[in-house]
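Keep the sequence and the 3D view open as you go.

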Amino acid sequence: MTEMHTPVRALFLVDAPIARVEAVLHRRENLRHLIRNEWVRLLVRVPDTGRVYRQTRGEYIPVDARAIARSSFVAFESHREHALQVARQEALAFWCSASGMVLSCGLPVYWFGATAMNPYG
């Protein structure tokens, strides 16, 4: 069966001042590359103000957390329906090819008996 999935990036919400987050990123090169190259998504909530910022390629952009939750939702039902349709088509192709192989071997022997077989192997 053909497998399908929606690519998902990990989302981290850090509750700390931006300066502290930047200090950690400067100390940890691997973590900095993961975040700056957008392999993971990082949201920073500043405890003093309660504002949420999204880190995008080194910049902190203020965002509305509710807007992110609404925009990142991906409906799964259409993917599921497509996967089921592909699975049905694959099952049909399998059974047709299996039936064709059995018939191509079995029918000549049924119609012509042992004479359908090559006497020399």
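Buried means under 20% relative accessible area, exposed over 50% and partly exposed in between, using a 1.4 Å probe and protein chains only. This is a predicted model, where local features need pLDDT of at least 70, side-chain atom pairs count only at pLDDT 80 or more, and totals for chains, interfaces and linings use all residues. Residues are numbered from 1 along each chain as its sequence is written, and side-chain values use heavy atoms, leaving out hydrogens and water.

**Exercise 1.** Find the buried residues of α2 and say where they lie around the axis.

*Solution.* Step 1: the buried residues of α2 are R32, I35 and R36. Step 2: they cover an arc of only 90° around the axis (taken from the directions from the helix axis to the C-beta atoms), so they sit on the same side of α2. Step 3: their cover includes α1 (18–27), β2 (40–45) and β3 (52–56). Helices (H or I, at least four residues) and strands (E, at least two) are DSSP runs numbered from the N terminus.

**Exercise 2.** Work out what the side chain of R32 reaches.

*Solution.* Step 1: R32 belongs to helix α2 (residues 29–36). Step 2: although buried, R32 has no salt bridge, which would need a side-chain nitrogen of Lys or Arg within 4 Å of a carboxyl oxygen of Asp or Glu. The nearest side chain of opposite charge, E29, is 4.6 Å away; Lys and Arg count as positive, Asp and Glu as negative, while His and the chain ends are not counted. Step 3: the R32 side chain reaches the backbone oxygen of L25 at 2.8 Å.

Methods. A polar contact is a pair of N or O atoms within 3.5 Å; within protein, one must be able to donate a hydrogen and the other to accept it, and residues adjacent in sequence count only if both atoms are side-chain atoms. Contact means heavy atoms within 4.5 Å.
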